[in-house]
Amino acid sequence: MEVNVVELGTLLLDKWAMPLPNLLISVFGGHSKFDSKKMTAEGDIKEGLVKAARDTKAWLFTSGVNHGVSNLVGDAVAMKRSFVNSIPVIGVNSWGAVHDNEELIEGEDQGRFPASYTAVPLEELEIDADTKKPKTMCLEHEHTHFILLDFGTKNNFHEEEVREFRIKLQEHLRTRTEAQLVSVLIEGGSGSLEEAHMRINKGLPIVVLGDSGRISSVIAQAVELAKDTKVSDCHHSRQGVLKNDDRLKVKQAF
């Protein structure tokens, strides 16, 4: 599936007349295994995200689902909705991976507007026997916009393609609006490691919340280790913090 990000940028900025951002913040990390209760600074993270978005007139990007890090972003926005009404929170994901996506359409291929959508608890979602993960995810209701990519499949997140598209769209919007682009990594597993590697290779800055657990903690420890062993400018390298064989070992651990 090929999506023209130039045309999509025109839709967002010109047709929908979304407010021009000064900053594009892409938040990614854990999903089904994410447990915010293990984070000692959950409140500070929520407060910081909202404050940064409000003060810089930012757009927030997530995967848009009702679990994990994107749900954390939704909760943060909900807490301060009266102060952040104008901040776009954009979810980007695969159409075929959205639970009960038929609620969003009217007839054949016609979008329903306004659409009524009901999320269900994580434990009620069907689990894939091989991956032990949910086959679909529900949308998070505090997001203001969703970009759902139709790959013509069901129960498939197309994670690599969605990651590539999300980065490509954000890079285009950065060029079109002259906004800065920064990513925030919170917790996460092997997929988050791949996205971090892709962004680092493109020279995109990432804020890693090292105390949030799992892959974020591993990357933070790797950076500290690199500093201790005097590896020159490890955290600025376009090759990333971890070599390919190290990335494979970390992926297997998660």
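**Pockets, sheet and a helix pair**

User: By class, what does the lining of the largest pocket have?
Analyst: This is a predicted model, and in it that lining has 17 nonpolar, 7 polar and 4 charged residues.

User: How much space lies in the largest pocket?
Analyst: About 940 Å³. The pocket is lined by 28 residues, and the closest to its centre are Trp95, Leu104, Arg112, Phe146 and Leu148.

User: Which element gives the largest share of that lining?
Analyst: That's β6, with 5 residues. At least two residues each come from α1 (5–15), β5 (110–111) and β6 (145–149).

User: OK, what about the second largest pocket, what volume does it have?
Analyst: About 780 Å³. Its lining counts 35 residues, with His31, Lys133, Phe157, Glu159 and Arg163 nearest the centre.

User: Which elements give two or more residues there?
Analyst: β1 (23–29), α3 (68–79), α4 (159–177) and α5 (190–201).

User: And how many nonpolar, polar and charged residues are in that lining?
Analyst: The second largest pocket has 9 nonpolar, 16 polar and 10 charged residues in its lining.

User: Switching to the sheet. What order do the strands have?
Analyst: The sheet is open, with 6 strands in the order β6-β3-β2-β1-β7-β8, and the pairing is parallel. β6 and β8 (206–209) sit at the edges with a single partner strand each, so one side of each has no neighbour in the sheet. From one strand to the next, the twist averages 20°.

User: Over how many bridges do β7 and β8 pair?
Analyst: Strand β7, residues 180–186, pairs with β8 over 4 bridges, in the parallel sense. One of the details there: Ile186 has Leu209 in β8 as its bridge partner.

User: Where does α5 pack on the sheet, which strands does it touch?
Analyst: α5 touches β1, β7 and β8. The direction of α5 makes about 150° with that of β1.

User: Now the helices. At what angle do α4 and α5 pack?
Analyst: About 35°, and their axes are 11 Å apart.

User: Is the crossing of α4 and α5 left-handed or right-handed?
Analyst: Right-handed.

User: Which residues in α4 and α5 meet?
Analyst: From α4 you have Arg163, Glu164, Arg166, Ile167 and Gln170. On the α5 side they meet Gly191, Glu194, Glu195, Met198 and Arg199.

User: What's the contact of α4 with α5 by class?
Analyst: It has 2 nonpolar, 2 polar and 6 charged residues.

Technical notes: Residues are numbered from 1 along each chain as its sequence is written. This is a predicted model: local features need pLDDT of at least 70, side-chain atom pairs count only at pLDDT 80 or more; totals for chains, interfaces and linings use all residues. Side-chain values use heavy atoms; hydrogens and water are left out. On a 1 Å grid over the protein atoms alone, a cavity is a set of points where a 1.4 Å probe fits but cannot get out, and a pocket is an open set with protein on both sides within 12 Å along at least five of seven lines; lining residues have an atom within 4 Å of a point. Grid points are joined across faces, edges and corners, and a volume is the space filled by probe spheres set on the points. Ala, Val, Leu, Ile, Met, Phe, Trp, Tyr, Cys and Pro count as nonpolar, Asp, Glu, Lys and Arg as charged, and the others, Gly among them, as polar. Two strands pair if DSSP finds at least two bridges between them. Axes are lines fitted to C-alpha atoms, for helices over the stretch in contact, and angles run from 0 to 180 degrees between N-to-C directions. Contact means heavy atoms within 4.5 Å. A crossing is left-handed if the near helix is turned anticlockwise from the far one by less than a right angle, and right-handed if clockwise.
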